[in-house]
Structure formats: C-alpha cells, structure tokens
Number of protein chains: 2
Amino acid sequence: MGNYFGGIEAGGTKFVCAVGSGPDEIIAEARFQTTTPMETIRKVVTFFKSYMEDLGISAIGIGSFGPLDLQPSSTTYGSITKTTKPGWSNTDIAGELKKALGLPVAIDTDVNAAAFGERCWGAAKGLSDFIYLTIGTGVGGGAMSNGKLVHGLVHPEMGHIPLPHDLSLDPFPGVCPFHNDCFEGLASGPAVNRRWDAPGEKLAPDHPAWALEAHYIAYALTNYICTLSPQRIILGGGVMEQDHLFPVIRQLVQKQLNGYIQAAAILDEIDAYIVPPALGKQAGVLGAIGLAQALLQGD
Amino acid sequence: MGNYFGGIEAGGTKFVCAVGSGPDEIIAEARFQTTTPMETIRKVVTFFKSYMEDLGISAIGIGSFGPLDLQPSSTTYGSITKTTKPGWSNTDIAGELKKALGLPVAIDTDVNAAAFGERCWGAAKGLSDFIYLTIGTGVGGGAMSNGKLVHGLVHPEMGHIPLPHDLSLDPFPGVCPFHNDCFEGLASGPAVNRRWDAPGEKLAPDHPAWALEAHYIAYALTNYICTLSPQRIILGGGVMEQDHLFPVIRQLVQKQLNGYIQAAAILDEIDAYIVPPALGKQAGVLGAIGLAQALLQGD
C-alpha cells in the first residue's frame, strides 16, 4: 500500500491514465477520448477508483494541455484557463479530481510533465537544467532550471518564439493563428503538411522539407541554448520520429553557435547533447506519476 | 563588525569596488582601469584590505565579465575562461581574491550580479522569475528562475539569440564577430553606431534608428517571454538610456505576442512589466554585495 501513484496525460484528443510507480511497474493503463470535461473527468475518476480500493493510490499527477493556471497563490490554481478546445475553458481539472478522489493532486503542463518523466527515469536523469521539446501537431517545451520546472509568469510557450525566416528561401507564410511564422508556425507537423501539401510521414528523408525543418529547429535550439543554457535538449513528438533529422540539427546548431559557447557538451559531445526522449511516448504519463511522487516528497 | 561586504563589478574596461551593506550604506567605492590581471587584482586587494582592518568585511561578491566557469564541481570554478580580453584568459579571479583576502568569495556573471542587485533592492524585489538585460557595448542577460540565478551548462548568453532580420527593411549585416546578425549584432551600441555612422547619443529620438532598435529589442523580449516566462523584464545599459524606447518596445511586444500569453502583466500592465533598472548603473556592484551576503546566508 502507498507505493502507487496515478498519472494522467491530459491531451486535447485523448487522456492517458496509468497506475504504477514508474516505467518498470505500470499496473494498469487506459485511454479515453477527450469529450466534454464532465464526461472525460468522470471516466478518469472511475478508472482510478477501481484501483484505489485494491492497491491504494497515494497521489495523482496530471500533465495537461493548457494554458493552465499554475500560480500557487491563485484562486483558480490547477485550472485550464482560456483554451481553444471547445468546452474546456475554465475547467478546474486538478480541483475536480482532488474532490472526487480525495487524494493530493499535482498538476503541470503536458510538456513539463514529460520533461519531469525524462528527469526521473529517462534522458535527463541527474540533470538540473534541461529542455524537453515536442514537435508534432504543435510545438511545446518544458524546461528545468536549477532542478525545478520553469513556470514563471505563466509557463513557457517555447513553440511561439520568433525566428529568422528568409522568405526568398521559404515563401511559406506559416500556420500559427497568432503569429504566422513563429517556430510552431514554420515547423510543426501541420506546417510541414501545408507547405508541401503532404503529411511528413509521406515525405522521403531526402525531400527538401527536412533540410528546411532541421534549419528552423536548429535556430530554435540555438535560441534556447543562449537563453536557458541547458545541459541537454530532448526532442520528441511526431516530427522527430524522422530520426534522420537529429544529425542534421546537431550540425546546424554547432554551425549557428559558431564556437561561441565554450562547452565540451556542444563542441565535442553534441550527439549526447541533442537527443530523443528515452521514454518515448510514455514520457507524459510517467512524468505525471513522477509529479505525484514528488508532491508527496515535498519536492 | 560583520555587517559589511565587498562588492566587485569586474568589467573589461574598469573594475568598480565597493564596501557596504546595500544601497543605503556604501562606505567606500573605488574604480580601477582594467589592466593586467595581476595589477588589477592587486589594486582590488589593497582597496579591500584597507577597510577590512577598521570595519570588518564578511565576504566578497564578484560580478565579472566572462565567459566564466561557474560549475561548482569544476577545478577551475570561479575563473574567467577563454576571453577575447588580452591577458585575462584562464584568470582565477575568485580564487586569487579568496587567497589574498582570506574571505569567502561569491562569483557570478556581471549581468547575473546586476539581476541579483535588482532582486535584493530594485525593480525585481520579491520576484522569483525575471530577466535583467543590458544593451550597450554588448548585449547580456541575467535571469532568475524559481528564485535562483540561471546557470545551467555555462551561463546564459542572451545577446546571441538569432532573430528575424528582414534584409529588405534593414540591409545592415550585423556586427557580431561570431554570428553577424544575432540580437547583439543587430542592436548593440556598436551596431547602431556602424549602421547609421553615428553614435546613438547623437541620433534624435525621431531618427529611424530607434524604431528599428525597438523592433529588434521587442523580438528578443518576445523570445525570452516564450522561453523563460519571466514575471518582469528589466532593461538597462547605455542604449536604454534612450528612454523613449520603452513605450515603443512595450507596444511592439504586445503586438508580436498578439494576445497569446494570457497574463494581465503583459496584456494590461505592461508599463510595469518592461522597466528600467531601479538601481541604474549601481546594479552591478550592489548585486555583487548581494551575492556576498547570500553566500553567507547559504542561499
């Protein structure tokens, strides 16, 4: 009793729930379509309740789509705020689960949860400062600085940084509804799809789409490296399943930084500096379990 | 006895040294040209020794030009590493002062020290997450996340982020010897000077130089906001003495973010979000005193 935790990866399309203590011990897992908040949360509650009686669950962790209110002093702490997902604005997801399950609940962004999962059991083990970036339908980033997940004013929105965009090289205007050609607007899965009129999965590794994709990703990483000075960068998400991108991105980051950051990790060991997630698609739900554990440990 | 600290703002041109406990109590201050490491450090030691006997000094703080080795586990911790400043590469500035004065020594980058000064007594009082940016001969940034100064792999080099650069609008190639048209390359004091063939001080507030300057600064801030989610951004340095830039930068940051970050601080209270330093040019040396205090308090 008491060694199990509930983890929820709350996405705009589906919720992944798991009971366990880490990657080597997942007792149960379930997926639900994201429908209305009431229906979705009810399914989550039913799932965890069925395991609480037999196994005991000590706490729940949530890695959620956002934007989220993560200001501990706020009256709406733990809520999804104003979201484009219909029906979900102002949903007190952490509060509802806490009330229904009677358990302590930790909540963070989906990407911060995935970052935390990689920190506990994956590619960022033992690091105090790193970035987890997911490049797929959208582009999101979670970051840890001095051993703590970065929140600040709201939480990072790393996908929306402005980047150099040479229109003579790439006249595509970008797909971000807010910023057109921010990083997400130029390099997300939908951007690739719209620019080349075909989904990324259908484009061969030697298609010019990928050289351009690596170019934008490298610019973004160069930005993050200069701003946050991470000890490692983990690149996940659907687009990064194109693993031929990694060596090209690494080389371009070195070229763009041009020796300015005097660190062996970048100059000599970049293969271990820009890496795929070790937990793959499980990073989110495992990270949520990690957040639940950390909550009880007072981290 | 024991309430006084020594602060050193170690710059590439001059060293500013002060003895005191904070902005309301500076007992003595001195400035030395930065010549050779041996001569400069000797002057610093002589200055502090003369006050140690009468007043007592509990610890020394240094905010130094860099790059610095700030990895606590490193054998060269506290050293200036490979610098373009002749004669100063591999200078163990913290170690030399510790040995000569027999006092605990704290060291951080010049911009992190200035950030810390603003946190202790200035425009970032009480904040856990903020950025201090200086835009002058170079562009440098210090950052705090979760109440701790950001170091990570090395330390931030915020001046060197790549930015959108529309060559049809601004054909100037940039002055950064490493990256040409990174933020520093496009917007530092020397960039303004070279682009317009006149130093910024000579350009009237309605000169087109300033609209362009605000444009690049706003892009950089939008980047930092998306990556670090600061609760406030402090803009100092020689270029920001052009205080007509502030309202233009604030407006452009709002325009570039386009309502995406749902935070009152940005949407409604941006005058208090992007601000000048409260400590002005004293931020660096006061921050060094703050670092010395924090060292003894175990922060």
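How many residues does the contact take from chain A and from chain B? The contact takes 42 residues from chain A and 42 from chain B, where contact means heavy atoms within 4.5 Å. This is a predicted model, in which local features need pLDDT of at least 70 and side-chain atom pairs count only at pLDDT 80 or more, while totals for chains, interfaces and linings use all residues. Residues are numbered from 1 along each chain as its sequence is written, chains are lettered from A and ligands numbered from 1 in the order in which they are written, and side-chain values use heavy atoms, with hydrogens and water left out.

The size of an interface is often given as the accessible area lost when the parts come together. Here, chains A and B bury about 3700 Å² between them, with 62% of it on carbon and sulfur atoms; buried area is the accessible area (1.4 Å probe) that two parts lose on being put together, summed over both. On the side of chain A, 19% of the area buried against chain B comes from A:Leu153, A:Thr227 and A:Tyr260, more than from any other three residues.

Next comes the sheet of chain B. Five strands form an open sheet with mixed pairing, in the order β3-β2-β1-β4-β5. Strands (E, at least two residues) and helices (H or I, at least four) are DSSP runs, numbered from the N terminus, and two strands pair if DSSP finds at least two bridges between them. Strands β3 (25–33) and β5 (105–109) of chain B stand at the edges with a single partner strand each, so one side of each has no neighbour in the sheet. From one strand to the next, the twist averages 15°. Within this sheet, β1 (residues 5–10) and β4 (residues 60–64) of chain B pair in the parallel sense over five bridges, and B:Ala10 has B:Ser64 as its bridge partner in β4(B).

Helix packing can be followed in chain A. Helices α6 (residues 208–228) and α7 (residues 245–257) of chain A pack at about 50°, with their axes 8 Å apart; axes are lines fitted to C-alpha atoms, for helices over the stretch in contact, and angles run from 0 to 180 degrees between N-to-C directions. This angle makes α6(A) oblique to α7(A), since angles under 35 degrees count as roughly parallel, over 145 as roughly antiparallel, 65 to 115 as roughly perpendicular and the rest as oblique. Among the residues that meet are A:Trp210 and A:Ile217 in α6(A) and A:Leu245 and A:Val248 in α7(A).
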